[in-house]
Amino acid sequence: MAEQAEETVVIKVAGKNLIVPKRQLTKDSLKFRLLFDELNLADHEIYDFTPEVVEYFINLLKTKKLFRIEVNMFRELHKLSVVFEVTWLTEKCREWLKNKIESARSNREKIFLFDTRIFLFEECWSILDKCKDETMMDDLVSELAHEDNTALLSYYLSDVSKLKTGQIDLLLKLGGWNTDFFLKIILENLAGQKALNSNIKYLLENMNLALCSEVNEGLFLQVMDRISDLTEISVSDLKCIYQLTTSTMRKISYRKERLRPRKTELIDFYCPIVKLQRRRALGAFSFKRIIRNVAKGKVTSMILIIYGLLDFFRNEALYTTSRTDELRAFVSSLENLCDEKKLKKAPRKCLNMMIAAFKCSSHTNSDIFVTFLKEISRNKKLCTTNETMFLENGELILDSNCLLRYKYVFQHPLSATCRRSDSKCGFILTILTSAILDERDYANTGIHRHDFITPRDMFCYNMRKFKYKGKELSVPDCLKNWIDYTSDWFGEWKEPYGIPNTQDKFCVAYNIAAYVVAKK
């Protein structure tokens, strides 16, 4: 008996008819399944795609082997995978884009050339705009937020009226603390105008105008004067500008008091959580207790909470569905508290490193903790892409008493106008994370410290390197008991003196939320 011929369908693209086995298309695609199995169509025409990419897409449905993605075909290939609901291919495309972003960590000089930045921003924006998925753009902003993005910003902001409001929000985050740049951009866009453009108004409403005025009051007043000279400005726009100006004046007064330098000798980074852990056994650990401590102002950092929970969830007996639900309620409670209490957000870059490291863990609770970290990373009130700077350039030095110290060269946003030429801006920490604030300790170190660089804005952690399936990863030291490491682990902490291995990095996450141009 003759074998039955395989059923085929026709895919039409740019005048070409591609005869394809129906099973090849419907196996992984929900959309093709609807068209050919449920609606019983014999053909389907694909518009707005180049024939080469469509043929490559169809071949991928057959082989399921994605050997390459060319830069010029990425958007079409990703769009095809989304339109025809091929989940595995969508994930592969985004993994490729994520690798392009992450490669900046090891190859920053080459990967983030201007053309590459434009490509990455365009593709991440396309995913955000069309698919409503913020993940890729958040990863890009985390990598670029504290780079010099002047060329990228100038490219998009030369005509603000053409942008979508979502793009303006992202460009503000990429602007770091470059307040003068945005004020000048506004002046340029106001030139020759008679009315206030809606996008300029939106830009002003979402800028940290109090910071802009503090940094350059003259330029800020020029912008306000130029707006007041617009001959056809509407009454509602005038009212909006008046409200922005008065609220800015109030915030300036508040900022002067809140950001006043405070002298302190020690940084007790882990104090609130560690004391809580010491007083109670892990079995008696309570989410409600953390919420109360946040409400009372005893815990002020989201990253502290995460570090405390790492010890808690290492207890394998705690993995239950009820705990998962409790975690979600816990995240929701923290989010609600943020409306009243200022909780320092967890850096997304740090969360991404943790999530990547958990892939190397076989611990029973790894999945539940990754779920928790992803919940935090998606929450804009608890996680940030641009409000924290990572300082990984700590240099080990010996002081006059032959004690080990970490020296950091650090250009704080407020020290941008520093004119000292004899040394660089920065600060020094001891091995035991005590801040050295005495100016005498900075003699002959090549750096000087400004009063506005204070311990309350720092969070310190140790980074270690290891290899997993041939890939080198860097993870915070707090994860060492979660990782299934072998001889490929590169950094062990030497006992009993706590002297760091050369592969270790003592890093500082410095909170600059009060100094970024994007309004929180």
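Tutor: Two strands count as paired if DSSP finds at least two bridges between them, and the strands themselves are DSSP runs of E with at least two residues, numbered from the N terminus, as are helices, which are runs of H or I with at least four. This is a predicted model, in which local features need pLDDT of at least 70 and side-chain atom pairs count only at pLDDT 80 or more, while totals for chains, interfaces and linings use all residues. Residues are numbered from 1 along each chain as its sequence is written, and side-chain values use heavy atoms, leaving out hydrogens and water.

Strand β1 (residues 8–13) runs parallel to β3, and 3 bridges join the two. Lys12 has Glu45 in β3 as its bridge partner.

Strand β7 (residues 395–398) and strand β8 (residues 404–409) are antiparallel, with 4 bridges. Opposite Leu396 stands Tyr406 in β8. Between β7 and β8 lie 5 residues, and Cys402 in the turn has a positive phi of about 65°.

Turning to the helices, α20 (residues 348–358) has 10 of its 11 residues buried (under 20% relative accessible area with a 1.4 Å probe, protein chains only; exposed is over 50%, partly exposed in between). Among them are Arg348, Lys349, Met353 and Phe358. In α5, the buried residues are Leu89, Thr90, Cys93, Arg94, Trp96, Leu97 and Ile101. Because they span an arc of only 150° around the axis, they lie on the same side of α5; the arc is that of the directions from the helix axis to the C-beta atoms.

Finally, the axes of helix α11 (residues 179–190) and helix α14 (residues 217–228) come within 10 Å and cross at roughly 25°. That angle makes α11 roughly parallel to α14 (under 35 degrees; over 145 is roughly antiparallel, 65 to 115 roughly perpendicular and the rest oblique). The crossing of α11 past α14 is left-handed, which is to say that the near helix is turned anticlockwise from the far one by less than a right angle.

Methods. Axes fitted to C-alpha atoms, helices over the stretch in contact; angles between N-to-C directions.
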